[in-house]
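The following note sets out some points on the structure shown below. They are arranged by topic and may be read alongside the coordinates.

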Amino acid sequence: MNDAQTAGDAAPLELRIAAKSFLSADGARVDVVRDLQLRLEAGSFGALIGPSGCGKTTILKIAAGLDPDFRGQLRTPGSGRLGIVFQEPRLLPWRTVEDNVRLALPADHANVELGDLFEILGLGSHLTRYPAELSLGLARRTAIARAFAVGPDFLLLDEPFVSLDEAIANRLREELLALTARAKVTTLLVTHDLTEAVEMADRLFFLSDRPTHIILEKALPPPRGGRSSDVVASISDEMRALVAQAAIAHAKR
Amino acid sequence: MLQRTYSLIALIAIWAVVAALLQSRLLPGPLTIGAAILTDTRTGELPFQMACTLGRVAASFVIAMILGTIAGYAMGRSKTFDRYADPWLVVLLNMPALVIILFAYIWIGLDETAAILAVAVNKLPNVVVVMREGARALDPELDEMAKAYQFARFSRIRNLVLPQLAPYLAASSRSGLSIVWKIVLVVELIGRPNGVGFVLGSAFSLFDMAKILSYAICFIVLMLVIESLVVQPLERRANRWRRRPA
């Protein structure tokens, strides 16, 4: 470890889950995660990729500090200002779009100018509407605006672009990349979409079935975001082959 | 609204017809009652007695709502607390209103504190039961969101908890208001020298049906006015975010 590092600023995300289990309805213990180790350098962008139902959301919740009930260790990067986009928008139905975003702001940040962010996300004309009046796409964009608005140094995204149309999803991906480049944000994205992960991340973590652990970890060469579609496609193909191999090795074990 | 008015007019008409047919001192007609109300309003007697009762209603209602909401919320959020407090709640729920009133008067004395407390304690368990359901129904996903974004405690209560509890608060205050004012009359009948309940008690010993009816009607009207001018607008305000039917 480099001693010169200040504790808050450039600390990496370190997550070690020795075991995480749930009690199922009939009282049996179900192991969801076992022996998972994940390290993400400060300011880098990691993607968790895995089959649905493998416990990605569980891992994300633990990383967010929302679930202390696991065996292991968590060290979050930065000063701990967290931006999070859940799989569902999770907006307050009784507050307007703008209030939903502003309520999440930390006190010292409360009156920050958000006009640009709202414009970029196409929310400008919907600020006074209530979530029930929004389409799912707009609600998701509000949730993304909320995560960006707090000026996070740790950003967790749980399938944030699912069910958006492709044009908007692409635009939001670009915005997200721009934001994470501008500020030093450590980002962890959960997705089942390999192409999306390759486009955006600089480190990929492939997850196994339950009990989940990492079967393959791959650092991608920079620059993130600037990869052409050919490069993305070829990396994706290469990854698929590697993951298939790793999965077979895992099954034999 | 129009149907409601017609229905009320019909009720008064039936009353007038029956009273005219019976011609009994035990059922005065609407006109007699109206005259009695006017007389007592002019002397200031009626407004004074109503104000006494209304003050007691307000005080015990506020106490019961605040304590009941806090206790109900705590019971809905903590299973352990619920396990300990639930037997007390059951005892309180099944304690006859009259017994609580008598205990309060005997232990505290025949004074205002005892009267208000007795009514509040009578109302309390109902508030607790409703608010406990409300606290159990709080959305855990929004809770997680608030935790992740580190909502301050006050902001969490104001923006997260209270809006979710609002329908339960509205339900318990509507049912509560009617329970409270009925019990206040009993409390006044037993141990207070003023208020609508006291007047009804002395009118009863004189068989003064006109007085009983005129005071009862005035108070019912007053509660209706409070209901439609205070409770219902508050409820509408709390629900304005719900999608209106197209």
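Helices (H or I, at least four residues) and strands (E, at least two) are taken as DSSP runs and numbered from the N terminus. The model under discussion is a predicted one.

1. The open sheet of chain A. Six strands of chain A make up an open sheet, in the order β5-β6-β7-β3-β8-β9, and their pairing is mixed.

2. The pairing of β8 and β9. Strand β8 (residues 203–207) of chain A is joined to β9(A) by 5 bridges in the antiparallel sense. Within this pairing, A:Leu207 is found opposite A:Ile214 of β9(A). In general, strands of a sheet pair through backbone hydrogen bonds, in either a parallel or an antiparallel manner.

3. The pairing of β1 and β4. Strand β1 (residues 13–23) of chain A runs antiparallel to β4(A), and 5 bridges join the two. One of the residues concerned is A:Arg16, whose bridge partner in β4(A) is A:Gln73. As to burial, strand β4 (residues 71–75) of chain A has 5 residues, and the number buried is 0, so the strand lies largely in the open.

4. A:Asp35 has a phi near 50 degrees, a positive value in a residue other than glycine. A:Asp35 belongs to strand β2 (residues 29–40) of chain A. With 13 other C-beta atoms within 10 Å, A:Asp35 is partly exposed. A:Glu159, also not a glycine, has a positive phi of about 45 degrees. The position of A:Glu159 is in the loop between β6 (154–158) and α5 (166–182) of chain A. A:Glu159 is buried, because 21 other C-beta atoms lie within 10 Å. The reader may wish to inspect both sites in the model.

5. The contact between the chains. How many residues does the contact take from chain A and from chain B? Chain A contributes 18 residues and chain B contributes 15 residues. On the side of chain A that touches chain B, 14 residues are nonpolar, 4 are charged and none is polar.

Conventions. Residues numbered from 1 in each chain as written. Chains lettered and ligands numbered in written order. Predicted model: local features only at pLDDT ≥ 70, side-chain atom pairs only at ≥ 80, totals over all residues. Buried ≥ 20, exposed ≤ 12 C-beta atoms within 10 Å, placed from the backbone. Pairing = 2+ DSSP bridges. Contact = placed C-beta atoms within 7 Å. Nonpolar A, V, L, I, M, F, W, Y, C, P; charged D, E, K, R; others polar.
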